[in-house]
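This report describes selected features of a predicted model. Please keep the sequence and the structure in view while reading.

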Amino acid sequence: MSRFKLTLEYDGTPFSGWQRQEDGIPTVQGMLEEAFADFLGEPTTIWGSGRTDAGVHAKEQVAHVDIEKSYAPFAIQGALNKRLHDVPISILKVEEVSDDFHARFSTTSRAYEYKIINRRAPLALEKNRAWWVIPPLSLEAMNEGAAYLIGHHDFTSFRDSQCQAASPFKTLDVLKVEQKGDLIVIKAKALSFLHRQVRNMVGTLKLVGEGVWPPEKVKEILEACDRRAAGPTAPPEGLYLSEIKYD
């Protein structure tokens, strides 16, 4: 039995998220397992570094799989990409790893990027790949508000009601807002995140950027420990899982 680490990217638009569903709805995990089943001639379970919601993309998702037969990594990569050519999933790299590697539990950090296109003209090339926001956003105000969220906090105000995490406490290592032309990118990094935490933080920072709330309002929202105090959940199409780190 050999264990292989898969690094992949995908456009989340046609998928109901990462996690396999029993009703036949297309998911990334489901598509990968179908491709492996066709390649190996038997069912196989894929373990991902984490789930992404419907419509969320990945620049770098990581998964692992155990295979009884002996294959070279490049052969697995080629076989999967051949079987996935009709769907927006690409296997970027396949590596043989030790048995103690686990795509989820061996992770040391996860990073996300959220893309906003801030302009009056509607999106053509970036449709389904960014959040279109018309009112001008203040980069300075958004970064000032983001600073209140960095560190170890109770993130209940930014936690989805369906979140299954045992605790609302998380340590946010990075939260910064960058801009180039009409593209605004919000970058977040932590060991792990609550369900929809990034999208909920982005929804709040967007209101700060518009001037609806002052930056210091973010501190009040955080301390309220109440999801109703924060801004709306940003739409999924702007969110990208951008990097997974391991020792």
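## Leu92 in strand β4

With a relative accessibility of 39%, Leu92 counts as partly exposed, because that value lies between the 20% limit for buried residues and the 50% limit for exposed ones. Leu92 is placed in strand β4, which covers residues 89–97. When residues up to four places away in sequence are not counted, Leu92 touches Thr7, Leu8, Glu9, Lys59 and Gln77. Ser106 lies 14 residues from Leu92 along the chain, and the C-alpha atoms of Leu92 and Ser106 are separated by 20 Å.

## The nonpolar core and Phe36

One of the contacts of Leu92, namely Leu8, is also a residue of the largest nonpolar core, which has 67 residues and in which Leu8 and Phe36 are those with the most contacts. In soluble globular proteins, nonpolar side chains tend to be buried together.

Leaving aside residues up to four places away in sequence, Phe36 touches Leu6, Gly41, Glu42, Thr44, Ile46, Val65, Ile67, Ile76 and Leu80. Among these, Ile76 and Leu80 also take part in the contact between helices α1 and α2, where they belong to α2 and Phe36 belongs to α1.

## Packing of α1 against α2

Helix α1, made of residues 28–40, and helix α2, made of residues 73–83, pack at an angle of about 115 degrees, and their axes are 9 Å apart. The crossing of α1 and α2 is right-handed. On the α1 side the contact is made by Ala35, Phe36, Asp38 and Phe39, while α2 contributes Ile76, Ala79, Leu80 and Arg83. The residues of this contact of α1 with α2 divide into 6 nonpolar and 2 charged, with no polar ones.

## Packing of α3 against α4

The axes of helix α3 (residues 139–147) and helix α4 (residues 197–210) come within 8 Å and cross at roughly 135 degrees.

The crossing of α3 and α4 is right-handed. Ala141, Met142, Gly145 and Ala146 of α3 make the contact with Leu205, Lys206, Val208 and Gly209 of α4. In the contact of α3 with α4, the residues divide into 5 nonpolar, 2 polar and 1 charged.

## Ala190 in strand β9

Ala190 is placed in strand β9, which covers residues 183–190. Ala190 is buried, since its relative accessible area is 1% and the cut-off for a buried residue is under 20%. Not counting residues up to four places away in sequence, Ala190 touches Ser109, Arg110, Thr171, Leu172 and Asp173. Ala190 and Met1 are 189 residues apart along the chain, and their C-alpha atoms are separated by 33 Å.

## Positive phi in two loops

Arg196 is placed in the loop between β9 and α4, and phi of Arg196 is near 65 degrees, a positive value in a residue other than glycine. With a relative accessible area of 32%, Arg196 is partly exposed.

Cys225 is placed in the loop between α5 (217–224) and β10 (239–246). Phi of Cys225 is near 50 degrees, again a positive value in a residue other than glycine, and at 35% relative accessibility Cys225 counts as partly exposed.

How values were computed. Residues are numbered from 1 along each chain as its sequence is written. This is a predicted model: local features need pLDDT of at least 70, side-chain atom pairs count only at pLDDT 80 or more; totals for chains, interfaces and linings use all residues. Side-chain values use heavy atoms; hydrogens and water are left out. Axes are lines fitted to C-alpha atoms, for helices over the stretch in contact, and angles run from 0 to 180 degrees between N-to-C directions. Helices (H or I, at least four residues) and strands (E, at least two) are DSSP runs, numbered from the N terminus. A crossing is left-handed if the near helix is turned anticlockwise from the far one by less than a right angle, and right-handed if clockwise. Contact means heavy atoms within 4.5 Å. Ala, Val, Leu, Ile, Met, Phe, Trp, Tyr, Cys and Pro count as nonpolar, Asp, Glu, Lys and Arg as charged, and the others, Gly among them, as polar. A nonpolar core is a set of buried Ala, Val, Leu, Ile, Met, Phe, Trp, Tyr and Cys residues joined through side-chain atoms within 4.5 Å. Buried means under 20% relative accessible area, exposed over 50%, partly exposed in between (1.4 Å probe, protein chains only).
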